[in-house]
Amino acid sequence: MNIAYLLKPKSKRRSEALKPTQSLPFGQIRTDHMLIVDYEDGQWQNARIIPYGPLSISPGATVLHYGQALFEGGKAFMHPDGEIYTFRIDKNAKRLNKSAEILCMPSIDENFQVEAIHALIDVDRLWFPIQEGASLYIRPFMFATEDSLGVHPSKSYKYIVILSPSGPYYPAGFTKPIRLLITKKFHRAVSGGTGESKAAGNYAASLRAGEFAKQFDASQVLYLDAQNKYIEEAGAMNHYHIEKDGTVVIPEFTDTILRSITSESIIELQTSLGLKVIQKKVLLDEFIEKIKNKEIIEAGGFGTAAVVSPVGEYVLEDNTILTVGDGSIGEYSKKIYTYYTGIQTGKIKAPYGWLKKVEKNLSFKTQN
Ligand code: PLP
Ligand code: COI
């Protein structure tokens, strides 16, 4: 599919919008353009990069009634050579199609997704944030547009990509450990449901738990399985803990847990990190016991937005506080964070194929 470029006559420049001294929020700022592709008559068509702006959508569009929508989250980084590289964006493209399958939506060619995301970043490359530790957050999403009130998969869709120059997801970044509420009251997913997908509805359903977490001064909840027996994941990141011997444990992926690209990457990096990383079912009672007797010395979350977010404390619904280690950011988490972000930012050599350079397409530059 060819991509049509309908560019803003005069793009804003990062120097106007992103002051180097300004600390960047996560996900608030937009670049000048977006990519849109329509699914009509059984095929994806009319790929275009156009100025960022409101969409026109029918009030009867099924997404507005039954929530047939999904999204992805990826990142691009600027390397010391001054070039922009996307990080494992092919994995996001693949997972988008997995979510699409779960939600009865059409798949979209993975190579095309990567090419289209690169084209959009290229158009808005001057929006790359210059703040230390910032990145360009990539948000592809897809939703149902058919004007129909029957509950059935839509016949038409839009695939859209927007970009957001972003700072850390948790405002304090890697400097301050977070607190998670372990909840038995709310659940994110059940087997046979949509937990393994990035269905928009999973996140709508998590809002109530997120608000509840605030009452405990916690950043997010840590979800358990439906029987309240095993640890699953947090609302926007996978969970990890680190045992006294340095073993990193990530709950085993099931159809109720999102297969985090960050977790998968840390697993693949274990040899070069010099750490053993395993996946297994994590019993809540054992987890709590091991935190109390200091057999678990570190814990946290893995995610694209969250990167590596150490947890200093868990709070239970009866207000019991469990401090992990001494409550500060531990050495193993620091090591993982430094190594992982070193790879993303080009300071440490990445495994083959993890980083793709955003090439410059000089042909459209004259219209810009
Ligand atoms: N789990 C959930 C529910 C998420 O929303 C995310 C974020 O994407 C993750 C885990 C982490 O996945 P990834 O590392 O692919 O961003
Ligand atoms: C991401 O990490 O990219 C996510 O999708 C989490 C999001 C809900 C902010």
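Which helix is the place of E101? Select E101 and you will find yourself in helix α3. This is a predicted model, so keep that in mind as you click around.

**Stop 1: E101.** With a relative accessibility of 55%, E101 counts as exposed, because the cut-off for that word is over 50%.

**Stop 2: Y66.** Move on to helix α2, residues 62-66, where Y66 is found. Y66 is partly exposed, at 41% relative accessible area. Show L149 and V151 as well: together with Y66, they make a nonpolar surface patch of about 350 Å².

**Stop 3: the largest nonpolar core.** Next, go inside. The largest nonpolar core has 46 residues, and L35, I121 and Y159 have the most contacts within it. To see where this core comes from, colour the elements that give it two or more residues: β2 (33-40), β3 (43-51), β4 (69-71), α3 (89-102), α4 (110-123), β7 (135-144) and β8 (157-166). Helix α4 supplies the largest share, 8 residues.

**Stop 4: Y159.** Centre the view on Y159 and show what surrounds this residue. Setting aside neighbours within four places in sequence, Y159 is in contact with L35, I36, V37, W44, L96, I108, Q113, I117, P140, F141 and M142.

**Last stop: another core.** Finally, select I182, L222, M237 and V324. These are among the 23 residues of another core, which lies apart from the largest one.

Technical notes: Residues numbered from 1 in each chain as written. Chains lettered and ligands numbered in written order. Predicted model: local features only at pLDDT ≥ 70, side-chain atom pairs only at ≥ 80, totals over all residues. Heavy atoms only, no water. Patch = residues over 30% accessible without salt bridge, like charges linked within 9 Å, V, L, I, M, F, W, Y side chains within 5 Å. Areas by Shrake-Rupley, 256 points an atom, 1.4 Å probe, with all protein chains shown as cover. Salt bridge = Lys/Arg side-chain N within 4 Å of Asp/Glu carboxyl O. Helix = DSSP H or I, 4+ residues; strand = E, 2+ residues; numbered from the N terminus. Buried < 20%, exposed > 50% of the residue type's maximum accessible area, 1.4 Å probe, protein only. Core = buried A, V, L, I, M, F, W, Y, C linked by side-chain atoms within 4.5 Å. Contact = heavy atoms within 4.5 Å.
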